[in-house]
Amino acid sequence: MAPQRRGPARAPEGRSASDRRRASSTKKDRLPREARRTWLKTVALGVGIALVILLLWSSLGTDDGVAEVLARRGEVLEGRFIEVPCSEDYDDHRRFEGCTPRKCGRGVTDMVITREEAERIRSIAEKGLSLGGSDGGASILDLHSGALSVGKHFVNLYRYFGDKIQNIFSEEDFQLYRTEARTAHDEYWHAHVDKVTYGSFDYTSLLYLSDYLEDFGGGRFVFMEEGFNKTVEPRAGRVSFFTSGSENLHRVEKVLWGTRYAITIAFTCNPDHGIEDPVLT
């Protein structure tokens with residue numbers, strides 16, 4: 001039998017040496033590649049969460065176009081007033097010397113009432129509004145006229161509840177509340193001019209009974225100016241006041257959560273539009 005020549009050793013079927021080297025290299029690279037993929041996913045998730053938080057904070061605490069805060073909630077202001085040129089709105093109405101605005105502007109003060117008094121007035125509002133409430137927009141309670149939001153309509157709470165009203169409000173409540181005030185706003189988030197909407201208004205003020213970002217989100221008062229809006233952050237006991245013409249076009253941000261309490265107090269120079277203080281009997 002002829003001798004057989006031994007040839008070179010054969011690699012296992014299906015995998016060459018170069019295949020084994022590539023497999024080894026691929027196995028070594030897989031771990032850092034998966035680690036990079038996990039790291040990228042983590043970064044993307046973190047960026048996404050940060051973006052959501054930023055958008056949520058923006059929706060709660062800021063408003064596009066508001067470039068300056070006139071009064072922050074944390075401030076206690078003795079008085080701050082900014083003069084602005086008067087509009088021509090007052091020329092379309094009868095003028096009263098010594099009363100009709102000749103000098104126009106807007107101001108804020110925290111020195112008219114105390115926070116304790118604001119809490120007492122807020123309790124009056126809570127008792128009255130508990131009897132009704134609007135289906136949309138602002139819920140209105142006007143103790144002067146008796147108007148109360150109930151669903152999509154208004155009722156006169158003095159006629160609607162009759163003698164029972166004395167079980168809801170006390171004489172002490174009315175003594176604290178009495179002032180020459182009129183509450184007239186409904187869809188508060190639309191920009192408007194008080195003198196145009198209510199011709200008898202010459203001066204407007206707002207008494208805030210709750211705190212921005214503590215009792216509610218959104219709901220800041222905004223003076224509208226082209227490219228440079230200014231805002232007031234409500235604070236219990238704070239009074240915001242301004243002349244009622246087009247020089248003070250304004251709106252209120254929509255309330256996003258909680259309940260915002262405020263009393264609108266309008267002043268007129270025309271005695272024909274004056275109203276008496278409310279009484280229980």
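Leu-213 is placed in the loop between E8 and strand E9 (216-218), helices (H or I, at least four residues) and strands (E, at least two) being DSSP runs numbered from the N terminus. Although Leu-213 is not a glycine, it has a positive phi of about 70°. At 31% relative accessibility, Leu-213 counts as partly exposed, where buried means under 20% relative accessible area, exposed over 50%, and partly exposed in between (1.4 Å probe, protein chains only). The model is a predicted one, in which local features need pLDDT of at least 70 and side-chain atom pairs count only at pLDDT 80 or more, while totals for chains, interfaces and linings use all residues. Residues are numbered from 1 along each chain as its sequence is written, and side-chain values use heavy atoms, with hydrogens and water left out.

Strand E8 also belongs to an open sheet of five strands with the order E2-E3-E12-E8-E15 and antiparallel pairing, two strands being taken to pair if DSSP finds at least two bridges between them. The edges of this sheet are formed by strand E2 (80-84) and E15, each of which pairs on one side only. On average, neighbouring strands of the sheet are turned by 10° against each other, direction ignored; axes here are lines fitted to C-alpha atoms, for helices over the stretch in contact, and angles run from 0 to 180 degrees between N-to-C directions.

E3 in turn pairs with E12 in the antiparallel sense over four bridges, with Thr-109 opposite Val-239 in E12. The pairing of E8 with E12 is likewise antiparallel and extends over five bridges; here Val-239 in E12 is the bridge partner of Leu-207. Four of the five residues of strand E12 (residues 239-243) are buried, so this strand is largely enclosed by the rest of the structure.

On a 1 Å grid over the protein atoms alone, a cavity is a set of points where a 1.4 Å probe fits but cannot get out, whereas a pocket is an open set with protein on both sides within 12 Å along at least five of seven lines; lining residues have an atom within 4 Å of a point. Grid points are joined across faces, edges and corners, and a volume is the space filled by probe spheres set on the points. By this rule there is one cavity of 30 Å³ or more, and about 40 Å³ of space lies in the largest cavity. Its lining consists of Leu-70, Arg-80, Phe-81, Ile-82, Arg-106, Gly-107 and Val-108, and the elements that give two or more residues to it are E2 and E3.

The largest pocket holds about 730 Å³ of space and is lined by 33 residues, of which Ala-138, Ser-139, Arg-260, Tyr-261 and Ala-262 lie nearest its centre. Two or more lining residues come from each of helix H2 (115-129), strand E8 (203-208), strand E13 (250-252), strand E14 (255-258) and strand E15 (262-267), and the largest share, five residues, comes from H2.

Asp-194, in helix H5 (residues 194-197), counts as buried at 0% relative accessibility. The side chain of Asp-194 makes a polar contact with that of His-250 (3.4 Å), such a contact being a pair of N or O atoms within 3.5 Å; within protein, one must be able to donate a hydrogen and the other to accept it, and residues adjacent in sequence count only if both atoms are side-chain atoms.
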